[in-house]
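Subject: Structure for your files

Hello,

Here is the structure I said I would pass on. My notes on what turned up in it follow below.

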2 protein chains.
Amino acid sequence: MICGRSVAEFLQEIEKFHGYLAPGLVLGGFMVDRALELIGPGVEADAIVETRYCLPDAVQLFTPCTYGNGWMKVVDWDKFALTLYDRHNLNGYRVWLDLTSTRSFPNLYNWYMQRVPKHDLPLEVLNQTIFEAGRSVLSSRAIRLTDLFQRSKKGPIAVCPRCGEAYPTRQGDRCRACQGNGYYAPR
Amino acid sequence: MICGRSVAEFLQEIEKFHGYLAPGLVLGGFMVDRALELIGPGVEADAIVETRYCLPDAVQLFTPCTYGNGWMKVVDWDKFALTLYDRHNLNGYRVWLDLTSTRSFPNLYNWYMQRVPKHDLPLEVLNQTIFEAGRSVLSSRAIRLTDLFQRSKKGPIAVCPRCGEAYPTRQGDRCRACQGNGYYAPR
């Protein structure tokens, strides 16, 4: 069992949501599993994820926290680590990939440290290694949130005088796109 | 049918993933449904979402794009709009909530423009209105991406001399947390 699922269900959910069995997401599943165990049942936990790559999907699949419901926040630090914490008292656990321990699993170490080209290490082989390694390559620590725990509130909104769409007034007298920051052009 | 699902499945998936039937996500489902139709079948589409609230989960549930696989990007503009675009030729469609049309649906208008306290407009009532409104409150436009289409690549990584975790060298001589930007303290 991992994250309350059979291994088959676990892999199936990853593939359905993420599109393929990304090793970072399989490893992330073990990290979420560990963090859930540490924080214990019955705790309303929010999540912080320290990389944009793969790991956010492990949190979204295997905890109630998603990007859209605001219970998961992502910081773009490129660190393979996540925190689950009690949203009421801010106590939680950070779980991370322990590089030193990965040295016992050369496939895992070489993949994570970019020492091997992707085509030389097939997904199935790497994922097999991740299952062998499991929690033995994870470290964890009891922590208390000092930042990022704030729930963001929408401020007042108004109608942008240029495009006619609603936008938050704190952004200025027109919306971001009409200030020239758009990512698109009509065609 | 909506996003290739029965209404019952659609609602069930939202509740399972997001935790509850958030109106923004129900409305977002109609937006994704419209964008998918516009872009047509067989296109490998990436997504841009223009708000952090609710809407990213509609994209993650009803397209192959997720936050963790990098096919969905989110800009924090607080605009209720999304774009699906062909990742090869950068042509796509932007779909947004057309405020003028929502005036025919006072519940929807009042909710979106924050004219009514949450407890005065029960979820079921609002979601019922959203189903009545459906696509009639959406606008769309053919666009071409001028930015944000770049796939981010991980740069070289190294071991942080302070914490011993891997981090990207472009961030400096130690990781973000060890530079004093951490969000946690040990306990």
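In this predicted model, helices α2(B) and α3(B) cross in a right-handed sense. The contact draws on G24(B), L25(B), G28(B), G29(B), M31(B) and V32(B) from α2(B), and on L55(B), D57(B), A58(B), V59(B) and F62(B) from α3(B). By type, seven of these residues are nonpolar, three polar and one charged. The axes of α2(B) (residues 23–39) and α3(B) (residues 55–62) come within 8 Å, crossing at roughly 50°. The two helices are therefore oblique to each other.

Helix α2(B) also lies across β1, β3, β4 and β5 of chain B, and runs at about 155° to β4(B). These strands belong to an open, mixed sheet of six, ordered β8(A)-β5(B)-β4(B)-β3(B)-β1(B)-β2(B). The edges are β8 (184–186) of chain A and β2 (72–74) of chain B; each has a single partner strand, so one side of each has no neighbour in the sheet. From one strand to the next the twist averages 30°. Within the sheet, β1(B) (residues 45–49) and β3(B) (residues 81–86) pair antiparallel over five bridges, and A47(B) stands opposite L84(B).

As for the two chains, a rotation of 180° with 0.0 Å of shift along its axis superposes chain A on chain B, with an RMSD of 0.0 Å. The copies are thus related as by a two-fold rotation axis. In chain A, the C-alpha nearest that axis belongs to Y67(A), at 3.9 Å. Of the interface residues of chain A, 100% are also interface residues in chain B, so the copies meet through the same surface.

Regards

Technical notes:
Residues numbered from 1 in each chain as written. Chains lettered and ligands numbered in written order. Predicted model: local features only at pLDDT ≥ 70, side-chain atom pairs only at ≥ 80, totals over all residues. Axes fitted to C-alpha atoms, helices over the stretch in contact; angles between N-to-C directions. Helix = DSSP H or I, 4+ residues; strand = E, 2+ residues; numbered from the N terminus. Parallel < 35°, antiparallel > 145°, perpendicular 65-115°, else oblique. Left-handed = near helix turned anticlockwise from the far one by under 90°. Contact = placed C-beta atoms within 7 Å. Nonpolar A, V, L, I, M, F, W, Y, C, P; charged D, E, K, R; others polar. Least-squares fit on C-alpha atoms with pLDDT ≥ 70 in both. Pairing = 2+ DSSP bridges.
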